[in-house]
Amino acid sequence: MFNTKQINTVLFDFSNTLAFITPRREEILSNFIDDNATSKEKILKAYIRTDEDLPYSSIKIKTQSERRLFYERYNDLLFGRLGASNSHNFYDYCYGIKKEWELYEDAIATINFLRSRKVRMGIISNFGKRLN
């Protein structure tokens with residue numbers, strides 16, 4: 001535990017700190033490629049490497065067409081790492097899946113703990129104007 005007497009403000013990054021999107025992207029990709037030989041662990045590792053090599057920036061990517069172009073390139077790299085095909089249909093497949101934000105199990109407890117100690121809090125995100 002930390003000493004909240006020394007902390008007066010905490011900022012949270014919303015995505016993957018307080019909440020995550022369901023279904024998770026590795027589950028979506030696993031269902032799309034429908035290949036029992038490709039484990040979710042392998043898919044997750046491919047995502048991590050692809051994120052490192054081609055990070056998304058909502059500051060640089062502002063329009064829907066820029067987003068599509070980015071993800072076509074991203075998916076080509078991702079699918080290449082997995083030895084999978086049909087990456088060009090994956091963007092539309094993903095876009096058509098209903099996704100929801102889900103809070104991490106300890107998010108509310110953490111916020112309540114900080115609130116009880118009168119710590120100021122803020123939430124930030126690099127999603128641009130909308131969390132979508």
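Me: Before we start, what does contact mean here?
Reply: Contact means heavy atoms within 4.5 Å, and please keep in mind that the model we are looking at is a predicted one.

Me: Fine. Which residues is N8 in contact with, leaving aside its neighbours within four places in sequence?
Reply: With those neighbours set aside, N8 is in contact with V119 and R120. N8 itself has its place in the segment before β1 (9-13).

Me: And is N8 buried or exposed?
Reply: N8 counts as exposed, because its relative accessibility is 51% and the cut-off for exposed is over 50%.

Me: How far apart are the C-alpha atoms of N8 and L114?
Reply: They are separated by 9.4 Å, although N8 and L114 are 106 residues apart along the chain. L114 is one of the buried residues of α5 (107-116).

Me: What are the buried residues of α5, then?
Reply: They are A107, I111 and L114. These residues cover an arc of only 65 degrees around the axis, so they sit on the same side of α5.

Me: What comes after α5?
Reply: α5 is followed by K118, which has a positive phi near 60 degrees although K118 is not a glycine. K118 is found in the loop that runs between α5 and β4 (120-124), and with a relative accessibility of 72% it counts as exposed.

Me: Which other residue has a positive phi although it is not a glycine?
Reply: N86 has one, with a phi of about 75 degrees. N86 lies in the loop between α3 (64-82) and α4 (90-95), and its relative accessible area of 42% makes it partly exposed.

Me: Changing topic: at what angle do α1 and α3 pack?
Reply: α1 (25-33) and α3 pack at an angle of about 70 degrees, and their axes are 13 Å apart. Angles of 65 to 115 degrees count as roughly perpendicular, and α1 and α3 are therefore roughly perpendicular to each other. Their crossing is right-handed.

Me: Which residues meet there?
Reply: From α1 there are R25, L29, F32 and I33, and these meet Y74, L78, F79 and L82 of α3. The residues of this contact divide into seven nonpolar and one charged, with no polar ones.

Me: Which residue is in contact with I33 and L82, leaving aside neighbours within four places in sequence?
Reply: T38 is, and beyond those neighbours T38 is in contact with I33, I43 and L82. T38 has its place in the loop between α1 and α2 (40-53), and it is buried, with a relative accessible area of 8%.

Me: Last one: where is S15, and how far is it from E102?
Reply: S15 is found in the loop between β1 and β2, and at 16% relative accessibility it counts as buried. S15 and E102 are 87 residues apart in sequence, while in space they are 9.9 Å apart, C-alpha to C-alpha.

Terms used:
Residues numbered from 1 in each chain as written. Predicted model: local features only at pLDDT ≥ 70, side-chain atom pairs only at ≥ 80, totals over all residues. Heavy atoms only, no water. Helix = DSSP H or I, 4+ residues; strand = E, 2+ residues; numbered from the N terminus. Buried < 20%, exposed > 50% of the residue type's maximum accessible area, 1.4 Å probe, protein only. Axes fitted to C-alpha atoms, helices over the stretch in contact; angles between N-to-C directions. Parallel < 35°, antiparallel > 145°, perpendicular 65-115°, else oblique. Left-handed = near helix turned anticlockwise from the far one by under 90°. Nonpolar A, V, L, I, M, F, W, Y, C, P; charged D, E, K, R; others polar. Arc of directions from axis to C-beta.
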